[in-house]
Amino acid sequence: MLRLTFLLAFLISLVSYSQSTNRYTGDYARYYTAEDLFEKEKYSAAREEFEIFMKELGDREDPLFVKAKYYHALSALKLYHADAEKLLLGYLQEYPESVHRQSIYMELGRFYYRKKKYDKTINWLAKIDLYDVEEENRGEYYFKLGYSYFREGESKKARDAFYEIIELEGQYQAPSIYYYSHIAYQEKNYQTALEGFEKLTDDPAFKKAVPYYITQIYYLQGNYDKLLDYAPAVVDSADVKNEVSISHLIGDAYYKVGKYDEAVPFLEEYNNKSATTRDEDYQLGYAYYKSGAYNAAIKMFDRVAQERDELGQVASYHIGECYLKQDNFLYARNAFEKASTLPFDADIEEDALYNYAVLSYKLDFNPFDEALEALNLYLTRYPNSKRNKDIYQYLINVYTTMRNYKSALSSMDEIPEKDFKMKSAYQMMAYNYGVELYENSQYGKSIQYFELVKKYPIDPKLNAQSLYWIAEAHYRKKKYDEAILSYRQFLEEPGSYGLEYHNDAYYNIAYCYFRLKDYESATQNFRTFTQDENETNKEKITDAYLRIGDCYFAKQPADDDNAIVFYEKAIANNGGQIDYAKYQIGLSYGYKKEYESKAQKMLDIVNNHSSSTFAVPALYEAGEAYRLMDDQHHAKAMKLYNQLIIDYPTHPRVIDAIFQIGVLHFKEGNYALAEKQYLRVINEFDDPVKEKDAISALEYVYKAMNQPDKYLELLNKMDIDFDATYEDNLRFDNAMKLYEDSSYAAAIPAFESYLNKFDKPLNQVSAWYHLATCHDRLEQWEMAIPYYEKLLSQPTNSFTEYAALKASAYRYEREEYDIAVGHYQQLEATASFPENKLIAQIGLMRCYTFRKEFDVAKNYANKVLLDPLSLENVQIEAHYVLGKAEMEVGNYDLALPEFVEVSENTASIIGAESQYYVALIYHLKEEYKQSETEVRKLMKEKAGYDFWVAKVLILQAKNSIGIEDYVQAEYTLNSVLNGYTIEDDGIYEEVYQVQAVLEELKNPEKDIDDEEDDTIEIGDGDGE
């Protein structure tokens, strides 16, 4: 039995071995080799073996040939060969009843699915008979068919395909549920979608994606409570897709339920990482606003407010509210202004305009008259508003306080019915504008507005003050008769009594008479001024005493005794100008022939006032006093003349001293020495008047020396004909007579005839001077100036000082600063009166400032400040020049106090400019808040100067940029563009430059997250 069993086993193994051997050794061996390679996924080698097998076998009907042809085509498909589809289709065409037909459809579907050619995938999978789909392929079939439909946009067919397998367990169940739910979500079947997504919350492949859908569905269903229970924990605890969008939904849900504090961080996260819409920016801004984060709210609202639409209007209004919450009324006003200009929401438009107008009033400063315009605009737009009673009150208050007086007057002129308060405001504005024009040297125009004060004569004091300033303006215009009349009217005006400058009117009237050479009337009014027991201004009292003394000194006949009395009073009052008083006393003693007293007084000046302008003239006059005493004092006189010549060789008095030394030598009989001095006058100087006197004196010298030939020789040498000299003097004297009779129009042709008659007129220089003066008196300045400048082209002479005074003023007024500088320099060098020296230094200070030569201007400004004769307005101007000089070289700490001094002491245009520089210096020092304070000060106190208001507003925009308040910077720049009207002075260009910088700062790039795709690839795409 055992032996039989063994035999059977042997036989079976033998048969099996025989069969195996036949499988790999027979005609079909290559087929089985290819089949093994195919099963081992070595498709390239398998395809070659199948191909060789089919060629060798040759029998197309052989079952293994048919099978080999199937696997050969399938290998090409697996290898993604281009001929795969052709081979498979060729197989089906040749063997239409093949059992592999359904399998080929499936394989082609898989093939195109892997290649993501979903239209072809659908084409092949749709050919499969659903009843032939094997159970193990059912999930794959429906998913790939559904997914292909989904990618081709056929959502309904996709949904139906996915539906077939959402309950079928396997690898395709979860993705089918996902896409089925996704399609339901797209079709707004939110509950169906929600139920599907909830099944995937723990699925490894989908747990990152589904929270976004679930959150959105809760949001779309309006189920904010569930959303807020679910989504925050998901975002915090898991790595989910579309986290930024989920944050947005959470933030929006909190926003919709009014929990703004909790909404902020989520909306913030979304906003920082997304390319947001204006609505989304507005939402975050409003959440900030409701949460009290006003600065952050302003920035977001500002993004929205860039567009001029309804949303932009609302955003601008909210910006105003944010600033109000911070008590920042200036910035709030600007925001409300913008909201009021947008005609979308009528209620917001009206309320914004009201807020803007009221805040403009409350701020107490209004660049470009915004308050005035806003209040009037409100009345125009809303004539029946319940707020109009308040608006009218605000309007009156604005008129009362505003600094742009011209605009205020123009605006009030348009109001037909003015009540008492409005008339009172009008009167004050007219007065203030007149003062402003006066301070800017626009005297004629100032008179027009001072006269308007009495259009509504409400306040008696303003009536009187306007008359005073009208008189002052006439005085400045050198219309002294008109000035006297206006001063008299001021004194008679009831409102003038008790005013601080009531007594000044007498002082000023006196000066008018003094200028008119009516010394009697001048004396009377100066004495009235000094006798007022309430007068405390020592400098003015002293000056009045001096002028009284001058009146007695200059009247015909002179009253030297009274002159001395009042000069002594001036000295005793100790109000300045002591050197001048002493000098005049000395002259008066000289005219009284009290030469000893004169000499003492003059030497007092020389010894005790050595830096005085009068020191050199006093030295000369002391010499004159000794010369005129008696022969015993000639030596003292000679000594003083020589002291002057040696110590002050360039002084104009040197020629006089030399001449008088000649006179003394002649008197003492020292004719040769006298001749020497007179010849020095002729040869060393170019002063025709003194030259003429020296020639006359030499006639007597040569007669005394019995040398008449020498005199004739001198005349011949100087090309002077004796008879011609007589005729020269005759014609000149004739013209002078007309001049002295004040017949200036007749004197002009007489002097011209004299100059044209002789080639070298003896009195040429004097004729030029008197011609210039005639034209001057007739106000023919353009004809006078050439003669003054002819005088200045000559060496220093007795007319140089006056000619320089006139010519410099003329050139300066015409802004010919280069020429004016030369004339002022001549005036400074030759001035014998302190007033003229000061005038020269003031002129040089101004000219060098206009020429931007600040180092030189600074030097003269310091001289002006040290001069006791400098008036307050000139001292203010000197501080301005010093500030400009220091500013030019970047010495901000030195410039600042100078500009502060100017700004605080004048309302003129240089006051406005100086206040701008104060603000600018703080800006440059990066003290932005202090700079802003100074900006507001300018807008409040110097609002009438539009250019400087515009400049300082641009500076304020830079301050806002400095503190990163870009919103306010933009509002401020826009206020300049909207309110400033001059287009060619550089203001607009400066605004555009700052706007360009601001635009870059306001729009930094966001770190935006890319949104993730809804589609999810399943496995490697082939279902395996």
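In this predicted model, Asp719 sits in the loop that joins helix α39 to helix α40 (722–740). The residue comes after α39 and has a positive phi, near 60°. Asp719 has a relative accessible area of 59%, and because the cut-off for exposed is over 50%, Asp719 counts as exposed. The C-alpha atoms of Asp719 and Glu853 are 47 Å apart, and the two residues are separated by 134 residues along the chain.

Helix α39 itself spans residues 708–717, and its buried residues are Tyr711, Leu714 and Leu715. These three lie on the same side of α39, because they cover an arc of only 95° around the axis. An α-helix has 3.6 residues a turn, so residues three or four places apart point the same way. The other side of α39 carries the exposed residues Asp709, Leu712, Glu713, Asn716 and Lys717.

Another part of the chain holds a pair of helices, α43 (residues 781–792) and α44 (residues 800–813). Their axes come within 9 Å and cross at roughly 135°, and the two helices are therefore oblique to each other. The crossing of α43 past α44 is left-handed. The table gives the residues that make the contact.

| Helix | Residues in the contact |
|---|---|
| α43 | Trp781, Glu782, Ile785, Tyr788, Glu789, Leu791, Leu792 |
| α44 | Thr800, Tyr802, Ala803, Ala804, Lys806, Ala807, Tyr810, Arg811 |

Sorted by type, the residues of this contact between α43 and α44 comprise ten nonpolar, one polar and four charged.

Note on methods: Residues numbered from 1 in each chain as written. Predicted model: local features only at pLDDT ≥ 70, side-chain atom pairs only at ≥ 80, totals over all residues. Heavy atoms only, no water. Axes fitted to C-alpha atoms, helices over the stretch in contact; angles between N-to-C directions. Helix = DSSP H or I, 4+ residues; strand = E, 2+ residues; numbered from the N terminus. Parallel < 35°, antiparallel > 145°, perpendicular 65-115°, else oblique. Left-handed = near helix turned anticlockwise from the far one by under 90°. Contact = heavy atoms within 4.5 Å. Nonpolar A, V, L, I, M, F, W, Y, C, P; charged D, E, K, R; others polar. Buried < 20%, exposed > 50% of the residue type's maximum accessible area, 1.4 Å probe, protein only. Arc of directions from axis to C-beta.
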